[in-house]
Amino acid sequence: MRRVFALLLCIAIPVAVFAADAQNGYKVAYDGGSLPDIKTGVGLKLVINSSTITFVKDNTSVATIPASAITEISYGQDVHRRVGAAIGLAVISLGIGGLMALTKSKKHYVGMTWADGDKKGGLAIQCDKNEYRGVLAALEGVTGKKAVNSDTMTVKN
């Protein structure tokens, strides 16, 4: 009986894991843009197929953009020091938090613009540090566009 139960668990658990993530995608946070009714900071799932880029929230498609409509892909980083956390730790640990003020935190952003007939738009999303390169590679592969590093761009006013 134990062997049958163990065999059943060995089959059921992997099936459940693969079924839960049947829709391959990336977890991202919406940082702003032209998606209606989506607020900044909302968690979305970015699903990239061979012909479309879809944003999903709570298993509901929020926006679907044809890959051929993408006009530009950009990426950048926001680097800041962890001052607030260092102050909180310094109060508790009597000064050791000062070492934490020397550490940096990076946030990785990916932006895209599109023009699908008369519908134009753009957005910025925050990606996980372990996944943003995968997001960029997938977007470049599907759209045929090369991502531009926005940190190296100079803006003239």
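Let's start with Val 110, which lies in strand β6. A word on terms: helices (H or I, at least four residues) and strands (E, at least two) are DSSP runs, numbered from the N terminus. This is a predicted model, where local features need pLDDT of at least 70, side-chain atom pairs count only at pLDDT 80 or more, and totals for chains, interfaces and linings use all residues. Residues are numbered from 1 along each chain as its sequence is written, and side-chain values use heavy atoms, with hydrogens and water left out.

Back to Val 110. Is Val 110 buried or exposed? Val 110 counts as buried, because its relative accessibility is 1%. Buried here means under 20% relative accessible area, exposed means over 50%, and partly exposed is in between (1.4 Å probe, protein chains only).

What does Val 110 touch? Leaving out residues up to four places away in sequence, the list is Ile 73, Ser 74, Tyr 75, Leu 123, Ala 124, Ile 125, Cys 127, Val 135, Leu 136 and Leu 139. Contact means heavy atoms within 4.5 Å. Take Ile 73 from that list. Val 110 and Ile 73 are 37 residues apart in sequence, yet their C-alpha atoms are 7.2 Å apart in space.

Now a second residue on this strand. His 108 also lies in β6, which covers residues 104-116. His 108 is buried, because its relative accessible area is 8%. Its side chain makes a polar contact with the side chain of Gln 77, at 3.4 Å. A polar contact is a pair of N or O atoms within 3.5 Å; within protein, one must be able to donate a hydrogen and the other to accept it, and residues adjacent in sequence count only if both atoms are side-chain atoms. Beyond four places in sequence, His 108 touches Gly 76, Gln 77, Ile 125, Gln 126, Cys 127, Lys 129 and Tyr 132.

Next, the core. A nonpolar core is a set of buried Ala, Val, Leu, Ile, Met, Phe, Trp, Tyr and Cys residues joined through side-chain atoms within 4.5 Å. The largest one has 27 residues. Those with the most contacts inside it are Leu 35, Leu 46, Phe 55, Val 110, Leu 123, Ile 125 and Leu 139. Which elements give two or more residues to this core? They are β1 (26-33), β2 (43-48), β3 (52-57), β4 (60-66), β5 (70-81), β6, β7 (119-127) and α4 (132-143). α4 gives the most, with 5 residues.

Let's look at α4 itself. The helix has 12 residues. From first C-alpha to last it reaches 16 Å, close to the 16 Å expected at 1.5 Å a residue. That expected span is 1.5 Å times one less than the number of residues. The buried residues of α4 are Tyr 132, Val 135, Leu 136, Ala 138, Leu 139 and Thr 143. They sit on the same side of α4, because they cover an arc of only 165° around the axis. The arc is that of the directions from the helix axis to the C-beta atoms. On the other side of α4, Arg 133 and Gly 141 are exposed. After α4 comes Gly 144, with a positive phi near 80°.

Two strands pair if DSSP finds at least two bridges between them. β1 and β2 pair antiparallel over 4 bridges. There, Ala 29 stands opposite Gly 43 in β2. β2 and β3 also run antiparallel, joined by 4 bridges. They form a hairpin with 3 residues between them. Lys 45 stands opposite Val 56 in β3. β3 and β4 pair in the antiparallel sense over 6 bridges. The bridge partner of Ile 53 is Ile 65 in β4. This hairpin has 2 residues between its strands, and Asp 58 in the turn has a positive phi of about 55°.

Finally, the whole chain. The protein chain has 4 helices and 8 strands. Along the sequence, the pattern reads α-β-β-β-β-β-α-α-β-β-α-β. Of its 157 residues, 28% count as buried. Among contacts between residues at least 6 apart in sequence, 52% join residues at least 24 apart.
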